[in-house]
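Thank you all for coming. Before I say anything, please take a moment with the structure on the screen.

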Amino acid sequence: MAFEQVDDRGSPRRETTETAEGAVAPPEEGYRRGLGSRQIQMIAIGGAIGTGLFLGAGKAITRAGPSLILAYAVAGTVIYFVMRALGELLMYRPVSGSFSEYAREFLGPFFGFATGWTYWLFWVVTGITEVTAAATYVQFWWPSVPQWVSALVFTLVLYGANLISVKIFGELEFWFSMVKVTAIIGMILIGVGVLTLGFSDAGDTASLAHLWADGGFFPKGVGGTLMTLQIVMFSFLAVELVGVTAGESVNPERALPRAVNTVPWRIALFYVGALAVILSVVSWTAFEPGTSPFVAAFGRIGLPAGAAVVNFVVLTAALSSCNSGMYSTGRMLRDLALNRQGPRPFGRLTGNGLPLLGTSVSAALMTAGVWINYQWPSKAFDYVVAFATISGMWAWIMILAAHIRYRRASDRGVLPRSSFRAPFAPYASWASLAFIGGVVVLMGFDPDSRVSLYGAPIWAAGLLVAYFVLKARDPDTFRRERPTHGRSDGA
């Protein structure tokens with residue numbers, strides 16, 4: 001098996017070139033640029049449609065009632081500003097290790113190191129979350145099958161799927177996302193039909209009044225709504241995945257801004273719109289934690305076959321997200337290796353441009369989900385959601401902080417201005433940071449989420465120890481280098 005060669009420092013040369021139009025072309029990182037605009041668009045759209053919406057929303061509905069719609073709208077606005085900040089950074093310098101690269105450049109070597117490893121941890125834990133959800137969905141048809149058996153099978157199958165070329169990965173994700181998008185639009189249309197035409201068993205009771213008649217819009221109070229924000233934010237995790245695809249996109253300067261600009265209507269349609277329709281067709285009091293609200297709604301409508309179809313779709317969504325996780329973990333480990341902040345073998349690519357070793361190690365660790373499902377089948381989802389949320393939000397924090405520093409430098413003329421400027425910057429980035437910080441505080445009041453706050457300091461301490469050990473062994477490992485097109489140390 002052929003591997004890419006690296007230099008004596010473990011890193012390939014990263015150089016930018018000028019295009020015919022004078023724009024800076026992205027650096028060559030050894031990957032095959034096999035992801036087209038069509039695939040990038042669907043990866044961006046489908047990346048946020050997964051476990052958080054299809055399974056986590058059931059628990060959130062029981063905690064907040066119809067006000068969950070407002071929670072998704074507010075959090076979605078924050079996510080839009082996060083993505084616009086990321087988009088501006090990507091057009092400044094599109095690289096596959098985007099989050100850790102920008103943290104390294106604008107916040108310092110330790111933050112790049114911590115972000116790379118934390119984002120890798122996020123996707124490992126998310127992979128566990130998704131196979132946990134997938135195993136839960138299987139019990140809709142075969143309740144006698146243990147969750148851990150399904151989790152093991154799915155982990156092995158998805159690992160095998162990631163041993164193919166990036167082009168085939170992109171095509172698979174395109175169709176996975178197409179299934180999810182088509183299904184949600186179909187669900188919304190059926191729900192609107194029930195509301196307007198009155199067909200099905202729920203036709204006589206379906207009404208927009210369900211949004212305020214059953215205890216009010218805030219039946220559990222504003223506090224109940226606030227306590228769902230951790231689940232809501234988990235639903236949006238993976239929207240930033242388009243940043244990881246920058247190194248393998250055929251035309252990142254065109255595809256990535258388009259993908260970022262789909263965020264507002266994605267949130268409005270798939271989250272706010274879908275939940276508004278479902279909670280109008282069926283009262284929020286009819287839902288239960290651990291049950292997909294989409295499956296439950298179709299059951300109440302009187303379409304059992306429809307519920308089975310929806311369950312298949314949400315199963316596809318979970319497997320798609322896990323597949324994306326295996327894709328991104330290998331790339332993040334490679335970025336760390338190329339910067340000499342991870343084992344050097346992770347920096348090698350196979351002959352068809354795949355970081356095989358990093359993907360294999362990550363998939364092996366994801367099998368921890370099998371053990372979690374075996375030990376705590378009823379609590380597995382809550383535990384891994386909490387860990388995934390806190391580690392995933394770290395990437396958003398780094399994106400926003402790096403964007404604030406970059407915008408300050410570009411406004412002074414020290415760095416080139418991005419062709420895709422974020423609106424209301426830097427104030428929107430500061431406000432988004434405050435919101436995310438508030439969500440972290442609220443997690444401390446939730447017994448199921450609090451476990452992640454216990455683990456975060458342990459992970460941070462481990463990263464600090466590793467950082468100083470590596471720095472002592474080789475001081476050049478964390479030397480701040482100027483990118484090819486320049487930066488200021490004061491940025």
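This is a predicted model: local features need pLDDT of at least 70, side-chain atom pairs count only at pLDDT 80 or more; totals for chains, interfaces and linings use all residues.

Let me begin with helix H5, residues 109-138, and helix H6, residues 147-161, whose axes come within 8 Å and cross at roughly 125 degrees. The two helices are therefore oblique to each other, and H5 passes H6 in a right-handed crossing. On the H5 side the contact involves Val131, Thr132, Ala134, Ala135, Thr136 and Val138, which meet Gln147, Ser150, Ala151, Phe154 and Thr155 in H6. Sorted by class, this contact has six nonpolar and five polar residues, and no charged ones.

Now to the salt bridges, of which the count comes to seven. One of them joins Arg421 to Glu88, with the closest N and O atoms 3.9 Å apart, and this pair links distant parts of the chain, since Arg421 sits in the loop between H17 and H18 while Glu88 belongs to helix H3, 333 residues apart. Are these two partners buried or exposed? Arg421 is partly exposed, at 23% relative accessible area, whereas Glu88, at 0%, counts as buried.

Arg93 and Glu105 also form a salt bridge, at 2.9 Å from N to O, and both of these residues are buried. In helix H4, Arg104 pairs with Glu101 at 3.1 Å, and because they are three residues apart in that helix, about one helical turn separates them. Finally, Arg93, Glu101, Arg104, Glu105 and Asp335 are linked in a network of salt bridges.

Note on methods: Residues are numbered from 1 along each chain as its sequence is written. Side-chain values use heavy atoms; hydrogens and water are left out. Axes are lines fitted to C-alpha atoms, for helices over the stretch in contact, and angles run from 0 to 180 degrees between N-to-C directions. Helices (H or I, at least four residues) and strands (E, at least two) are DSSP runs, numbered from the N terminus. Angles under 35 degrees count as roughly parallel, over 145 as roughly antiparallel, 65 to 115 as roughly perpendicular and the rest as oblique. A crossing is left-handed if the near helix is turned anticlockwise from the far one by less than a right angle, and right-handed if clockwise. Contact means heavy atoms within 4.5 Å. Ala, Val, Leu, Ile, Met, Phe, Trp, Tyr, Cys and Pro count as nonpolar, Asp, Glu, Lys and Arg as charged, and the others, Gly among them, as polar. A salt bridge is a side-chain nitrogen of Lys or Arg within 4 Å of a carboxyl oxygen of Asp or Glu. Buried means under 20% relative accessible area, exposed over 50%, partly exposed in between (1.4 Å probe, protein chains only).
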